Amino acid sequence: MMKKPSKIPVHVSIIMDGNGRWAAERGKERVYGHAEGVESVRAVCEACGELGVKYLSLFAFSEENWGRPKDEVSTLMKLMAKAMKEEFETLMRNDVRLLVLGNRARIAPELNEAISNIEKATAGNKGLTMIVMLSYSGKWDILQAAKRMAEAGADDLEPFLVTAGIPDPDVIIRTSGEKRISNYFLWQAAYSEFVFTDTLWPDFRKESLCAALEEYASRDRRFGKVEENKNVF
Ligand code: IPE
Ligand code: IPE
Ligand code: MG
């Protein structure tokens, strides 16, 4: 049984990093780490549903990741397609709505179609919303939003970001010991809490999630204001 953290965020976001190093530690190819990483996605998605988290966003593939060796990129895309197929029933059973956000124009047509089908099929689910950030980068998102905002003659960028309508992440967890944002949610992270853990993504399971959320629960969020109930004058 999981020990329930004392404060449950509405939106948990994770930069899933360290698959390659996890595989290397075992003398295996990087792709082996990516495959094991899918198991962590499954575990974390299930845990978020159980804990009552409303949104779980996962940084799965960045715009910069297209620059990796062809073989690795194609394996990652194949894993994505396989997961879409294999996880469908579990998503339905657990009432999970799936969204895939990012620069969809760079994704192969067959995978895009599979993604659109699963998005449509899960659209009515009322439990956790799981958001896979695929071919995503924060700068790309701000740029595409700025263009569309100008076209519309509007003066608020937020409705044009791919995350429009989704509350900003309360907490962004990054695994594998790296302490950087790597072009992830540049706009949306304005007031997110950051939790860094040395755990490599394939080793990150329910207990690791609970520990990260416990750290989040201990943070004092002020949003630029003074502490609640404290008169400073
Ligand atoms: C995260 O693991 C998965 C993706 C970025 C696609 P990495 O593949 O970055 O693994 P490391 O950081 O090299 O260990
Ligand atoms: C960030 O990891 C992107 C994802 C987790 C999808 P990277 O491994 O690409 O980031 P850097 O290169 O270490 O900054
Ligand atoms: Mg990495």
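Q: How do you know that the span of helix H3 (residues 70-93) agrees with its number of residues?
A: In this predicted model, H3 has 24 residues, which at 1.5 Å a residue should span 34 Å. The end C-alpha atoms of H3 are 35 Å apart, so the two values agree.

Q: Where does H3 bend, and by how much?
A: The bend is at Glu87 and comes to about 50 degrees. Just after H3, Asp95 takes a positive phi of about 60 degrees.

Q: Why is Glu87 called buried?
A: Buried means under 20% relative accessible area. Glu87 has 16% relative accessibility, so Glu87 counts as buried. The side chain of Glu87 is joined to that of Arg42 by a polar contact of 2.5 Å.

Q: Which elements do the buried residues of H3 pack against?
A: They pack against helix H2 (30-51), strand E2 (55-62), strand E3 (97-101), helix H4 (109-122) and strand E4 (129-136). Among the buried residues of H3 are Val73, Leu76, Met80 and Leu91.

Q: What makes the buried residues of H4 line one face of the helix?
A: The buried residues are Leu111, Asn112, Ile115, Ile118, Glu119 and Thr122. Seen down the axis of H4, they fall within an arc of 130 degrees, so they line one face. On the other side, Pro109, Glu110, Glu113 and Lys120 are exposed. The buried residues of H4 pack against H3, E3 and E4.

Q: What makes Asp17 and Arg174 a salt bridge?
A: The rule asks for a side-chain nitrogen of Lys or Arg within 4 Å of a carboxyl oxygen of Asp or Glu. The closest N and O atoms of Asp17 and Arg174 are 2.8 Å apart, and the pair forms a salt bridge. The pair links distant parts of the chain, 157 residues apart: Asp17 is in the loop between strand E1 (11-15) and helix H1 (19-25), and Arg174 is in strand E5 (residues 171-174). Both Asp17 and Arg174 are buried. A network of salt bridges links Asp17, Arg21, Arg174, Glu178 and Arg180.

Q: Why is Glu72 called buried, and why is Arg30 called partly exposed?
A: The label buried needs a value under 20%, and exposed needs one over 50%, with partly exposed in between. Glu72 has a relative accessible area of 8%, so Glu72 is buried. Arg30 has 37%, so Arg30 is partly exposed. The side chains of Arg30 and Glu72 meet in a salt bridge of 3.0 Å, N to O. This pair links helix H2, which holds Arg30, to helix H3, which holds Glu72, across 42 residues.

Q: How do you know that Glu86 forms a salt bridge with Lys82?
A: The cut-off is 4 Å, and the closest N and O atoms of Glu86 and Lys82 are 3.8 Å apart. Both residues lie in helix H3, four residues apart, about one turn of the helix. Glu86 is partly exposed at 46%, and Lys82 is partly exposed at 46%.

Q: How many salt bridges does this rule give?
A: The count comes to 21.

Technical notes. Residues are numbered from 1 along each chain as its sequence is written. Chains are lettered from A and ligands numbered from 1 in the order in which they are written. This is a predicted model: local features need pLDDT of at least 70, side-chain atom pairs count only at pLDDT 80 or more; totals for chains, interfaces and linings use all residues. Side-chain values use heavy atoms; hydrogens and water are left out. Helices (H or I, at least four residues) and strands (E, at least two) are DSSP runs, numbered from the N terminus. The expected span of a helix is 1.5 Å times one less than its number of residues. The bend at a residue is the angle between axes fitted to the seven residues ending there and the seven starting there. Buried means under 20% relative accessible area, exposed over 50%, partly exposed in between (1.4 Å probe, protein chains only). Contact means heavy atoms within 4.5 Å. A polar contact is a pair of N or O atoms within 3.5 Å; within protein, one must be able to donate a hydrogen and the other to accept it, and residues adjacent in sequence count only if both atoms are side-chain atoms. The arc is that of the directions from the helix axis to the C-beta atoms.
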